[in-house]
Amino acid sequence: MTLKQATEKEVYGYVHSFEPVGTHDGPGLRSVVFLSGCPMRCKYCHNPDALSFGGGERKSASQVAERCLKDRAFTSGVTLSGGEPLAQGEFTREILRLLRKKRVHTALDTAGSVYDEAALELAGLVILDIKHTDEREFEKLCGYKMDNTLKTLQFLKRKKIPFWIRQVIVPNITDGSENLKALASLSSGAEKVELLPYHTMGVHKWEKLNMPYPLAGVKAADGELMQKCNAELKEYINGIERA
Ligand code: SF4
């Protein structure tokens, strides 16, 4: 039986792009599906071309799942990323359902801007990107409220859904001690906490779209800064675990 026959009805959505073998989006080598559309507007977004809803290619959930299954032999699973995968809730849930039926490990790479309990429960792993831990700074950085991100985090903990926490370290924005301390506290129960260095590799996409880049002049986070932030975060996490 094909996946299409296995579904009661086809669910369609929009896919920005597909990466057959991703190495940074979950455990092991992953098929990564980038879904179009995101309600947030992070100042450093490196996928500004994936922000609009209805952009990219229209696909059915079974087409997406079947494409991922082709690479099953040499990947450890599938990660749905974006854009914001939870912003196309029905489509995301259906892809997760189909892959689950085939016993494929799934991960959801989300900033939690859309609260979707059903989708979270279907994922094998949720990689939650907490853009900032301070409510006001979060809003300044993302043009969006952090409520749903916090609700998502609470739900993951309550339901014991495996999750990782991520944050991008942007010099002078997220590298402060207060933020790292709060991140350590929010991360309790996470299987992994990852700090990612802010980079400027997506700037050309903003230029191509004729959009002014909001963080022009901010330098990439270098190795020294990342080392300092990782050490500080580790110290806070250890402190919490000892308490
Ligand atoms: S949540 Fe991700 S895709 Fe959405 S604006 Fe922020 S960085 Fe871009």
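Predicted model: local features only at pLDDT ≥ 70, side-chain atom pairs only at ≥ 80, totals over all residues.
Residues are numbered from 1 along each chain as its sequence is written, and side-chain values use heavy atoms, with hydrogens and water left out.

Let's begin with the ligand. The residues around it are Cys 38, Met 40, Arg 41, Cys 42, Cys 45, Leu 51, Gly 83, Ala 111 and Lys 131, where being near a molecule takes a heavy atom within 4 Å of it. Sorted by class, this shell holds 6 nonpolar, 1 polar and 2 charged residues. For that sorting, Ala, Val, Leu, Ile, Met, Phe, Trp, Tyr, Cys and Pro count as nonpolar, Asp, Glu, Lys and Arg as charged, and the others, Gly among them, as polar.

Where does the ligand sit? The space it takes is the largest pocket; sitting in a pocket means that more than half of the molecule's atoms lie within 2 Å of the pocket's grid points.

The largest pocket holds about 1000 Å³ of space, a volume being the space filled by probe spheres set on the points, with grid points joined across faces, edges and corners. Of the 40 residues that line this pocket, the closest to its centre are His 46, Asn 47, Asp 109, Arg 166 and Leu 196. By class, the lining has 17 nonpolar, 12 polar and 11 charged residues. At least two lining residues each come from β1 (12–22), β4 (77–82), β5 (106–110), β7 (163–169), β8 (192–197) and α8 (203–208), and β8 gives the largest share, with 4 residues. These elements are DSSP runs numbered from the N terminus, helices being H or I with at least four residues and strands being E with at least two.

Now for the second largest pocket, with about 180 Å³ of space. Among the residues lining it are Val 15, His 16, Glu 57, Lys 59 and Arg 67. The elements that give two or more residues to this lining are β1, β3 (57–60) and α2 (61–70). Its classes come to 5 nonpolar, 3 polar and 3 charged residues.

Gly 83 is in the loop between β4 and α3 (89–101), and a cis peptide bond with omega of about 25° joins Gly 82 to Gly 83. Lys 131 has a side chain joined to that of Asp 129 by a polar contact of 2.9 Å. Such a contact is a pair of N or O atoms within 3.5 Å; within protein, one must be able to donate a hydrogen and the other to accept it, and residues adjacent in sequence count only if both atoms are side-chain atoms. Asp 129 lies in strand β6 (residues 125–129). Is Asp 129 buried or exposed? Asp 129 counts as buried because its relative accessibility is 10%, and the cut-offs are under 20% for buried, over 50% for exposed and partly exposed in between (1.4 Å probe, protein chains only).

Gln 167, in strand β7, is buried as well, at 0% relative accessibility. A polar atom of the Gln 167 side chain lies 2.9 Å from the backbone oxygen of Ile 130.

Out in the loops, Met 201 sits between β8 and α8 and is exposed, with a relative accessible area of 62%. Met 201 and His 46 are 155 residues apart in sequence, yet 7.1 Å apart in space, C-alpha to C-alpha. Asn 172, in the loop between β7 and α7 (177–186), has a positive phi near 65° and counts as exposed because its relative accessible area is 74%.

Finally, Glu 10 is in the loop between α1 (3–6) and β1 and counts as partly exposed, at 23% relative accessibility. Its side chain makes a polar contact of 2.6 Å with that of Ser 62.

Conventions:
1 Å grid on protein atoms, 1.4 Å probe; cavity = no way out; pocket = protein on both sides within 12 Å on 5 of 7 lines; lining within 4 Å.
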